[in-house]
Amino acid sequence: MRTLISWLLCLFGTVAIAEAPGDFAFAIPLDLAGEHALFEVELPQAVYEGVRRGDLGDLRVFNGDGEAVPYAFVPAPRPAREQRPPLRLPYFALRGDPMVGIDGLEIRFERAAGRAVLTLHDRGRVPAHTATLLGYLVDASAIAQPLQALLLELPNDPEEVMTRVRIDMSDDLSRWTPLRSDAPVLRLVAGTHRLQQLRVEFPALRAKYFRLSWPAATQALQLAGLAAEPAEGLSDPPRHWKQLAGIVSGEHAGESVFDLGGQFPVDRLRLVLPQANSVASVEFLSHPRPTDLWRRVVASTVYRLGTAAQEVVNPDLAIAPSGDRYWLLRVDPRGGGLGTGGVQLAVGWLPQRLLFAARGSPPFLLAYGSASAQPAVYPMATLVPGYRGADDATLGSFPIGRASTGSERVLAGERALRTPTDWKRLGLWGSLLLAVALLGWMALRLARQLGRRGVPAREEDQPEI
């Protein structure tokens with residue numbers, strides 16, 4: 001009995017087996033630059049094509065002794081703010097009757113034969129030789145980006161300037177919208193010291209024309225030049241792209257299926273249309289496995305308009321990061337769909353960065369691809385001392401080396417990607433069946449013993465009274 005119970009306990013128990021590089025399908029050698037405790041490496045495309053899990057749980061870093069070392073994923077970089085250089089803008093003096101003011105000027109601005117012509121109509125009918133400088137007209141019609149300030153340049157004379165200016169904007173030179181009404185402009189000189197305030201800031205916007213003026217009672221502002229400061233833009237980090245052709249689905253017209261061939265953290269979609277001057281309404285769906293139901297991701301309008309010399313296409317579609325491998329394109333058949341020719345899908349992703357501890361001796365291996373491996377990633381706060389979040393400067397100040405990747409090599413190959421036999425489940429079911437059989441045998445044996453002891457004696461054998 002004791003032997004049987006011990007055997008049952010062994011079936012319920014699990015045996016812990018340390019992972020080794022041979023338990024994974026593929027590996028990439030890591031070349032470490034310098035001597036550091038922690039190293040960072042960017043995951044190449046081959047990793048996403050070789051893993052089995054969308055969360056990269058079947059990924060490990062091994063040292064030269066075949067031991068797994070701790071690792072964590074570095075948070076994805078955020079779009080960086082980009083400060084663009086100032087842009088020189090043409091400006092024109094506005095002269096008229098100071099009693100009527102700058103609002104009494106009718107402005108007409110025309111471009112002809114490569115020249116800009118400004119025509120002013122003064123309602124006060126002041127002769128040109130006695131007209132007063134009332135302000136400036138700034139031409140920003142050639143600027144396609146939003147502006148957030150005007151940068152004034154004054155003549156190089158020692159005269160001090162102290163005034164307040166007003167900034168208006170317009171797109172048609174007839175209706176003006178005020179932006180700043182009382183912005184200080186000054187230049188003060190004291191010996192070798194100079195105090196200047198020549199930047200007039202306003203909310204970031206796009207406008208064709210700006211009008212700069214000042215109160216009639218103050219001295220006219222003489223300019224030697226003028227520039228505009230573009231608004232800060234967000235610069236996205238560079239993405240990796242993979243483009244592939246679709247397979248026409250036989251279930252419904254206007255559907256194409258795309259197999260990405262890996263678990264990529266896709267966050268951008270770009271549809272390459274086969275014919276020029278195409279416009280269509282499309283919908284993208286995805287799922288991780290062929291047996292799963294399609295899940296709607298995004299719907300949009302795609303277009304490719306113009307000629308080969310100047311063509312306009314729709315911007316890339318931004319989506320939430322998705323590790324799904326299979327994608328479905330549905331095209332609205334109205335308007336002829338996408339025309340003739342095969343459509344192609346380009347997917348973009350930000351490659352993840354992995355941080356690992358250089359414990360043990362080199363060479364280090366980045367192993368991946370396993371049907372049985374479970375996630376073993378560490379939190380960043382555990383791997384990096386003092387780390388408090390993606391916005392913290394701790395990661396940048398901690399000495400971290402850079403590791404480069406080599407060529408992919410095959411370890412266990414397809415054998416590691418096959419779903420292994422679940423011996424734990426089989427052992428559990430076997431032990432349960434054996435326990436039921438054991439209980440049945442014990443119950444039967446007990447019933448027989450009770451039956452032998454409890455059988456009454458026959459009548460002829462009973463003594464007479």
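Which residues does Val257 touch, not counting residues up to four places away in sequence?

## Val257 and its surroundings

In this predicted model, Val257 touches Gly246, Ile247, Ser249, Trp294, Trp327 and Leu328, leaving out residues up to four places away in sequence, where contact means heavy atoms within 4.5 Å. Val257 has its place in strand β21, and at 26% relative accessibility it counts as partly exposed, a class lying between buried (under 20% relative accessible area) and exposed (over 50%), with a 1.4 Å probe and protein chains only. The C-alpha atoms of Val257 and Ser286 are separated by 9.4 Å, the two being 29 residues apart along the chain.

## Basis of the model

Residues are numbered from 1 along each chain as its sequence is written, and side-chain values use heavy atoms, with hydrogens and water left out. As the model is predicted, local features need pLDDT of at least 70 and side-chain atom pairs count only at pLDDT 80 or more, while totals for chains, interfaces and linings use all residues.

## The chain as a whole

The protein chain has six helices and 32 strands, which are DSSP runs numbered from the N terminus (helices H or I, at least four residues; strands E, at least two). Of its 465 residues, 37% count as buried. Among contacts in the protein chain with a separation of 6 or more, 79% come from residues 24 or more positions apart.

Strand β21 (residues 255-259) is joined to β20 by two bridges, and the two run antiparallel; strands pair if DSSP finds at least two bridges between them. Within this pair, Val248 stands opposite Ser256 in β21. Both strands belong to an open sheet of six strands, in the order β20-β21-β27-β23-β24-β25, with antiparallel pairing. Because β20 (247-248) and β25 stand at the edges with a single partner strand each, one side of each is left without a neighbour in the sheet. Strand β25 (residues 311-313) contains Val312, which is partly exposed, with a relative accessible area of 46%.

## Nonpolar cores

The largest nonpolar core has 48 residues, and those with the most contacts inside it are Leu269, Leu271, Phe284, Leu354 and Phe356; such a core is a set of buried Ala, Val, Leu, Ile, Met, Phe, Trp, Tyr and Cys residues joined through side-chain atoms within 4.5 Å. Apart from it lies another core, of 29 residues, among them Leu133, Val165, Met169 and Ala228.
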